[in-house]
Amino acid sequence: MLILHWTILIAMARLPCGFSGRYASSVSPRKPHLFDRLCKVKELENGWMEVLAHYPKGHVPAELTAFERHRGRELARISAALHQRTYVPQPAALVLIPKPNHPDERRPITLVRPDDRIVLTVLNRLLTPLFERQFLPHSYAYRPGRGARAAIERVTKCLGQGLVHTTSGDIDEFFASIDRTRLLTTIRRTIWEAPVFELLETYLHMGVEHDGKWVDTGRGVSQGSPLSPLLSNLALADFDRFLNQLGVEWLRYADDFILLAQDAGVVRAAFERAEAFLLDNCGLRLNPSSRRFASEDDGFEFLGFWFRKGRRTMSPAKLDQKRHRIAEILSRSASIPELVEALNETVQGWRSYYGVSPDTRDQLLTLERHLGDLLVPWLERLRGSKPFSAAELKAALLPLELPVTTEPRQKLKWVELAVARSRPQKTETRTRNISVAARQAIEQRKRDYDKLKREREDILITKPGTYLGRTGERLLIRHDGRREAEIPLSLVRHITLLTKAASISGELMAEAAARRINIVLAGSDGRPAVRVGPVEQPEHQLSLAQSELVSSAAGLDLARTIVAGKIRNQANLVRYYLKYPERRAGGDFLAVASQSVKEMERVRDAVIHREFGSDLDLERNRLFAAEGQAAASYWAAVRALLWWKPGFEGRVRRGAGDLVNSLLNYGYGILYSRALTVLVRTGLNLYIGFLHKPQPGKAGLLYDFIEEFRAGAVDRAVFSMLNLGVEAEVDGDGLKVATRHQLARRVVERLQGEVRYHGEALSLERIMEYQARLLVRHIEGSERYRTFVLPW
């Protein structure tokens, strides 16, 4: 047997194409050897043309342009070096690029030199047919005639066959973790030609150049190489064969894989075996946060799609990523042609991939509206730097591809609207050449006007004996029988009564309800004691979706998002005060606050990466514990900030007797009334919360929703009020009346003040409305909820 074995090997080694196994018999001896073909100038030229095809016209890098000018000479040089076995690859240049949706994380990409790109491209062309026939049909990435769309269709078909229980995962740092020794062993089973194998071995072990240094970790395959896709599939070929023996349906796309079965226990057991094989036989680990056990009823994500109850929509994370992509393209584009070219390439890709599912239309329309919202200020800046006529702008923008609108007349309307919205506003007076005194007077008048506008929009009634009624189209305010004001109802958004000794006419209440003007009587704690408005009930289907979500792991994930968002905004407010150390003389604020921010970020990071168990109530309590841990650090920083204010030792929610906690509690009450109105108007059920467990009579969702706004709307208003020395007093009955009025006005001003939100300047109150609608879309499964981020 031993003699026969070596006889066979010797015979196979003499085969012309240098490969073995069942593929040897299918190759004619008359075909050229792999290495001979690699050295031919014609093959190298084909490889060079493939390299150039990756770049659009006019965007070819300078070093490739220089190579093209002397193509014949350069290709002959590479061919000769290969023939003479003197060709040695160069280390690729390593660059680190931000990961999508994770700007703090970097992904390594290698930039391969022109000579090596050509040789690797030809190698890929020669080797792919040899290995392709060995790969299983369940593998979809980097293979001819396959791809992500085919993988998505396969998942859809499996679900239609009743395989509704799934597990999925992705390999942690896949390309960087590939075991080169195992990979070369796999390659050697097929490739026997010494020159070809040695060239592959050299490439794998060459290392990279980064910041002028030679770097090699001893593991991994360089991303960015023309050969790396093929090598990645080879590295997982044994894993694929193992998956095929598990008795479940499966498919893999690069380092992402999914298992499907009719029974949840079967698919979970198969996943555990797959994970063990991956570690023991491939030396690879799964990303811990990528493990997902779900059913189609719960919903699951794979390759950018969200599968749930027969629908196939864009995953919320991918929708967020595409929003950021639009903003990124706009920020780096200096001209309309540059912008159109970049957007067209991107949008065509979205339409091609996601447009095949009718369920994604609403999401693509959302992206189209988002593009329009961001395009308008971009055009405003462009028109400010150089004069453009409307006709010029329309002509330049018409080639722009839109995510949904393709009909020419409809697209023309879209472009015309964007151009019209970006038209510069005409002003009668230019203040550039006027005196300083005149300019200051004008600015003061503008501030007075803005203050009056805010007061008309948000009316606070503080005096006992005030009467509110309606006269025509105006709000009438009387006090002690004397008319104090008449305000057009069209300007009014909120009426808040801070005193119980006020009256309001039924006619005004009915008109306010019809106009959706919010009327609230605040209690002594600032919370809404009475709310007057239209008869609004939670939407039935939305309430059902809330109930279904809250009892699932996805609901717990939303609770995690709420906690992480609250912690981040508390940390950002502390950072805001750390920006001005010269104002914090006295006490130990700088040291305490810096440490508090670090601790809050540590807790937040632990919350984000926490793996949940199956007991939802236990995990919810652990989220509360993490929130409390971060809150202890936050209030320690606040105590250091207000070191000069006696009586404040920490947060007291009920029965507070000190000034700081009394101010905070009253301010939160004002915030509750605004958030309540916003949530009710979106059709959400206030009593179905995700972090605050649903309980009879407790508006859990209201408490969830305000968490991300507490720091920006109330805490900052209170701290600012105290730091500015505004007179504030508390007695046995709580805050004095004058103090309540002062605080209410400051909280309202914070809610009316503008902050940055997705590239726009919007009031906090408007942001609350946007966030409520985003929460609805999250519950419906069309978009992922992201908490508001407080700028600092």
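Modeller: Helices here are DSSP runs of H or I at least four residues long, numbered from the N terminus. Keep in mind that this is a predicted model.

With that in hand, take the second largest cavity, which holds about 40 Å³ of space. Its lining is made up of Leu573, Val574, Tyr577, Phe589, Tyr634, Ala637, Val638, Leu641 and Phe719. Helix α24 (616–641) gives the most to that lining, with four residues, and α22 also supplies at least two. By class, the nine lining residues are nonpolar, with no polar and no charged ones.

Now the largest cavity, at about 60 Å³. Leu558, Ile562, Phe690, Leu701, Asp704, Phe705, Glu708, Leu775 and Tyr785 line the largest cavity. Helix α22 turns up again, supplying at least two of the lining residues, as does α26 (700–706). The most comes from α26, with three residues. This lining has seven nonpolar and two charged residues, and no polar ones. In total, the structure holds four cavities of 30 Å³ or more.

Asp557 and Arg784 form a salt bridge, with 3.0 Å between the closest N and O atoms. Asp557 sits in helix α22 (residues 553–578) and Arg784 in the segment after α29, so this pair ties together parts that are 227 residues apart in sequence. Asp557 is partly exposed at 21% relative accessible area, and Arg784 is partly exposed too, at 30%.

Arg493 counts as partly exposed, with 28% relative accessibility.

One more pair is worth a glance. Glu275 forms a salt bridge with Arg291, and their closest N and O atoms are 2.4 Å apart. Glu275 is partly exposed at 22% relative accessibility, and Arg291 is partly exposed at 25%. For the whole structure, the count of salt bridges is 50.

How values were computed: Residues are numbered from 1 along each chain as its sequence is written. This is a predicted model: local features need pLDDT of at least 70, side-chain atom pairs count only at pLDDT 80 or more; totals for chains, interfaces and linings use all residues. Side-chain values use heavy atoms; hydrogens and water are left out. A salt bridge is a side-chain nitrogen of Lys or Arg within 4 Å of a carboxyl oxygen of Asp or Glu. Buried means under 20% relative accessible area, exposed over 50%, partly exposed in between (1.4 Å probe, protein chains only). On a 1 Å grid over the protein atoms alone, a cavity is a set of points where a 1.4 Å probe fits but cannot get out, and a pocket is an open set with protein on both sides within 12 Å along at least five of seven lines; lining residues have an atom within 4 Å of a point. Grid points are joined across faces, edges and corners, and a volume is the space filled by probe spheres set on the points. Ala, Val, Leu, Ile, Met, Phe, Trp, Tyr, Cys and Pro count as nonpolar, Asp, Glu, Lys and Arg as charged, and the others, Gly among them, as polar.
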